[in-house]
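Trainee: I'd like to learn how to read a structure like this one. Could you walk me through it?

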Amino acid sequence: MNWTHIFTVYGKELRDMLRDRRTLISMIVIPTIAMPGLFALVIAVSFKVEREVAATPPSIMILGGDDSSAMRDGLAKNPKLSIAPPTENWRQQIVDKKLRAAVEFPPGLETTLAGGGSASVNIYHYQGEVRSSRAVTEVQEFLKAQANKIVATRLAERGLTPAAIKPIEVKALNVAPPEKVGGNLIGGIIPYFFLILAFTGAMYPAMDLTAGEKERGTMETLLCSPVGRVDIVLGKFLMILTASLGTVACSLLSMTATLSIGGSILARSIGGGDPAAAARAASRIASMTTLDPVGLLAVVGMVLPMVVLFAASLFTISLFAKSFKEAQSYVSPLIVVILMPAMIGMLPGVELNWKLALVPILNVSLASKELVSGVWHWDLLGLIFASTCLYAVIALGLAVRMFSRESVIFRT
Amino acid sequence: MIEARGLTKTFRDKKRGDIRAADGVSFRVAPGQIYGLLGANGAGKTTTLRLLATLLQPTSGGATVAGFDIVREAQQVRAHVGFLAASTALYGRLTARETLAYFGKLHGLTTADIVSRTQRLADELDMHEFLDRRCEKFSTGMKQKTSIARTLIHDPAVMIFDEPTLGLDIMAARTIVKFVRECRARGKTVIYSTHIMSEVEKLCDVIGIIHDGRLLAEGTLAALRSRYAEQDLEEIFVRAVGAPPVLAP
């Protein structure tokens with residue numbers, strides 16, 4: 001191994017890549033502008049939809065209850081609901097999202113309740129639909145308030161206080177610091193972004209420096225020089241690694257800037273001139289985005305060997321291809337291979353254990369989720385770091401081996 | 001000096017089985033001599049030259065190039081060889097000067113050596129006008145001159161040319177032919193593969209006719225004409241590939 005040769009190859013590849021518009025787009029423009037822009041857009045749209053849902057009372061229909069006018073009138077007067085006139089096709093209207101819910105009062109509801117009995121009220125809705133869910137919540141709250149009043153009256157009639165049926169008051173109070181709450185909220189997304197960006201950042205240079213060079217005929221020119229194959233592989237590998245880390249670094253910086261500077265701008269725009277609404281939005285954004293900085297640094301440390309693994313694997317796979325186009329057809333489907341474990345890691349309830357600590361990508365994803373929440377399982381973290389380093393070394397060894405194979409280099 | 005001894009290279013093909021691209025090829029090229037390897041497409045010329053340039057490893061047999069063994073001292077061989085082929089391209093996003101500096105560094109030259117040799121090559125090949133322009137915007141002639149300079153930056157003792165005029169127009173091809181002659185004049189050992197008869201007639205001191213991976217005939221043009229009782233090289237070639245091996249002593 002000759003480090004002068006390695007850095008000569010690396011220096012040339014770096015210069016070559018920095019002159020390539022496509023690399024600059026994938027390494028700098030997309031992570032610094034497009035990704036945070038998309039991120040901010042998603043948050044802005046979700047807040048806007050939520051605000052619109054809150055501002056517009058959902059339309060509901062009352063079915064039956066002609067003999068229970070007090071209950072009907074009470075529900076109709078609820079300012080958080082809009083009452084639609086009864087029609088026959090209410091089911092279809094809910095499906096068509098013209099009506100958000102229908103409340104069916106049974107015959108003799110008030111008489112039954114006055115007699116000390118209980119009755120069943122049905123709420124028909126569109127499961128999973130935001131506005132329909134809000135209508136159900138409002139109706140349930142109204143009925144719960146009515147039920148509480150009836151219970152209080154019945155208890156009073158028997159000389160009892162509400163405490164008689166609620167001997168224990170349960171309160172759940174958060175004691176976790178904001179960065180840990182933030183970690184739980186977006187902790188799963190952070191490593192997901194890192195891994196995807198590290199992979200996409202390495203993709204283009206890996207294909208260009210291997211299959212691209214074979215296709216353009218420059219690989220044979222390089223192989224004629226008195227440089228060891230290992231030195232060529234390492235020089236090119238370092239360039240792919242640089243592009244990958246550069247992409248992650250650019251995205252990390254721009255994400256930080258987006259969240260800190262853009263957060264307040266976003267909160268003001270969400271508030272729409274209402275200082276109280278802006279303050280609420282700012283508080284929510286802050287609670288979502290406050291992360292433990294040490295944990296974040298540790299995530300970067302955990303992602304590093306994974307980036308080496310990505311760079312070496314992409315190098316090996318792309319090298320096998322005869323042309324850039326062929327390399328694309330091999331490499332593009334791999335995004336799914338990266339996405340799946342990273343997405344599983346985002347799922348709530350999937351916890352890090354000794355077996356999962358050996359599964360590449362998923363292990364880093366799960367560990368990162370814990371790290372940004374301030375949870376440090378040193379033994380598992382050590383195992384993940386060591387196993388990922390081992391996988392990376394194996395992948396790099398495979399890259400060198402493939403580069404030494406005539407059937408791969410001169411594949412026609 | 002190049003000395004090939006029974007160079008054999010077998011490729012495995014899923015459909016066709018084992019293919020002997022070079023089959024016991026033996027020849028010798030002395031310094032200041034141009035050896036022409038004449039053969040049709042797929043005859044084994046490129047494989048033979050790639051074996052000599054250590055891009056491929058022989059299945060059996062061997063060779064020494066500039067005194068170094070192509071298997072045991074591959075890196076030393078490459079340090080003393082200039083390889084120019086139709087398939088050896090330039091980096092489009094580097095300038096001609098950067099290209100020469102890159103390959104100079106890979107050959108272990110100092111910065112001062114690179115600067116002085118670049119200057120000399122630019123003078124000899126008339127490259128000053130485009131020396132600091134990126135190769136992607138070069139004409140074919142400019143590319144050829146830069147490729148020639150690239151092969152000469154480390155002043156190799158042995159030059160290997162694999163169909164260097166393939167796809168070139170007449171003017172660019174003449175530049176190559178002139179350059180090959182100059183290499184001989186400087187005492188370099190030159191091996192030149194082609195399927196163009198006129199180039200062989202004009203350039204080569206010794207001609208080797210290769211077919212199906214085997215060297216079927218070898219000798220000077222005069223010797224081949226005398227042996228086959230034919231003046232036309234094309235006729236000699238056709239008779240050689242259709243006849244049993246006739247090798248020069």
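**Reading the model step by step**

Mentor: Start with A:Leu195, which, neighbours within four places in sequence aside, is in contact with A:Val303, A:Met306, A:Ile338, A:Ala342, A:Ile361, A:Val364 and A:Ser365. Contact means that the C-beta atoms of two residues, placed from the backbone, lie within 7 Å. This is a predicted model, where local features need pLDDT of at least 70 and side-chain atom pairs count only at pLDDT 80 or more, while totals for chains, interfaces and linings use all residues. Residues are numbered from 1 along each chain as its sequence is written, with chains lettered from A and ligands numbered from 1 in the order in which they are written.

Trainee: Which residues have the most contacts inside the largest nonpolar core?

Mentor: A nonpolar core is a set of buried Ala, Val, Leu, Ile, Met, Phe, Trp, Tyr and Cys residues joined through C-beta atoms within 7 Å. Buried means 20 or more other C-beta atoms within 10 Å of a residue's own, exposed means 12 or fewer, and partly exposed is in between, with C-beta atoms placed from the backbone. Here the largest core has 143 residues, and A:Leu195, A:Ala198, A:Ile240, A:Ala311 and B:Leu52 have the most contacts inside it. Another core, of 15 residues, lies apart from it and includes A:Ile60 and A:Leu99.

Trainee: In what order do the four strands of the open sheet in chain B run?

Mentor: Strands (E, at least two residues) and helices (H or I, at least four) are DSSP runs, numbered from the N terminus, and two strands pair if DSSP finds at least two bridges between them. The order in chain B is β2-β1-β4-β5, with antiparallel pairing. β2 (17-29) and β5 (68-69) of chain B each have a single partner strand, so one side of each lacks a neighbour in the sheet. Nine bridges join β1 (residues 2-13) of chain B to β2(B), and B:Glu3 sits opposite B:Arg28 in β2(B).

Trainee: How many residues of chain B are in contact with chain A?

Mentor: 21 residues of chain B meet 18 residues of chain A. On the chain B side, α3(B) gives the most, with four residues.

Trainee: Why is α5(B) described as largely enclosed?

Mentor: Ten of its 13 residues are buried, so the rest of the structure largely encloses α5(B). Among the buried ones are B:Met142, B:Ile148 and B:Leu152. The cover over the buried residues of α5(B) includes β6, α3, α4 (111-125), β7 (158-162) and α6 (170-185) of chain B.
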